[in-house]
Amino acid sequence: MSLNIIWLLLLSSSFIVSFFTGRSELLASALLEGAQSAVTLCLAMAGAICLWSGLLRLLRDCGIAQRLERLLRPAISFLMPGLGGEEARSAVAANITANLLGLGNAATPAGVKAASLITSSSALGMLVVINSSSLQLIPSTVAALRASMGSPQPFDILPAVWLTSACSLSAAVLSARLLGGREKAGGRSPAAKRGDARRDRVHYN
Amino acid sequence: MTSLVVPAIVLSVSLLAFHRKCDVYTSLCEGASDGLKVIARIFPAIVILLSAIAVFRVSGAQDLLIRFIAPALKAVGIPSETAPLMLVRPFSGSAALAVGSEIISRYGADSDIGRTAAVMLGSTETTFYTMAVYLSAAKIRGPRFALPAALIGDLVGFIAASASVRLLY
């Protein structure tokens, strides 16, 4: 896992550099202060995250999310031609809707289901590319983070986030289209053959 | 204007849900309890990562890294202080959140650097993680273009985040 490497890299490079900068004696307190600051951060964001999760739950419970899903179908057929059957199309629609609304917990299961149903390699590529660029309309966690750091207008980054998301998504989709021009569909993936139990583990991503 | 977007969404969703005869209050409360679970889930990772990030900053390793990458970033208009965030963003969501919070608290939520970090966090995804989860679930082999295309998207996103913050604020 990449986090093993990130953790080891952070610690070992800090340890080595601190000898040269003469700050070795500061490391112990930094470790503890860093851990403590996580408590402060999580508590400071908790209110905003809970409030937003409440609203998202409401969107799902009252069927607004499902209605949005139906509205998105035509756009999805256009972006991913040859997606596969009805079930695959509705899983993709559910995945993209959940992404737009920031329903992280709903997006991944729908996306994983969609990925397992898709029969065209280029449509699968498009699904992965879309999911790895952020579609979220209201970045609520970042807003919660900004609010916890004392920003008077935590949501004033919205226009910049939309502009940036639009740029990165179009760049990703465009390069997928360009790079995928010559590619042929492949066989079963090695991971799918193995059967994948790792999916059920808790990911501290 | 943006200060109205979120309250307007909250109000209109509530009205619409009420109109559709939903139990608005119960759904909100149940969702809030989901939120608590979200925090409980990210908390262990944030603790571990923030302690490593604090050590990384205090030791001087972070300054060294920033000084090393600064010229390349300057050429495309990205503030070099956001370098650690860009490096972890494709690998880990909680590490990105931890690094981002460190940057925002250090430079201020409404500074250009703090804003750029926030926009980067809000408009990019955990590319490698997403890739791994989705492609391992698929029954067919994913196309080779997927990873490079997604990484190009991330890079464009980082540049666009810096440019839009400079342009809009």
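Tutor: In H5(A), the residues Ala107(A), Thr108(A), Gly111(A), Val112(A), Ala115(A) and Ser116(A) meet Val133(B), Tyr134(B) and Ala137(B) of H7(B), where contact means heavy atoms within 4.5 Å and helices are DSSP runs (H or I, at least four residues) numbered from the N terminus. This is a predicted model, in which local features need pLDDT of at least 70, side-chain atom pairs count only at pLDDT 80 or more, and totals for chains, interfaces and linings use all residues. Residues are numbered from 1 along each chain as its sequence is written, chains are lettered from A in the order in which they are written, and side-chain values use heavy atoms, with hydrogens and water left out.

Student: OK, new topic: which residues of H1(A) are buried?

Tutor: Those are Leu3(A), Ile6(A), Leu10(A), Ser14(A), Val17(A) and Ser18(A), with buried meaning under 20% relative accessible area and exposed over 50%, partly exposed in between (1.4 Å probe, protein chains only). Seen down the axis of H1(A), they fall within an arc of 110 degrees, taken from the directions from the helix axis to the C-beta atoms, so they line one face of the helix.

Student: And what does the face turned away from the buried side carry?

Tutor: That face of H1(A) carries the exposed residues Ile5(A), Leu8(A), Leu9(A), Phe19(A) and Phe20(A).

Student: What comes after H1(A)?

Tutor: Gly22(A) follows H1(A), and its phi is positive, near 70 degrees.

Methods:
Helices (H or I, at least four residues) and strands (E, at least two) are DSSP runs, numbered from the N terminus.
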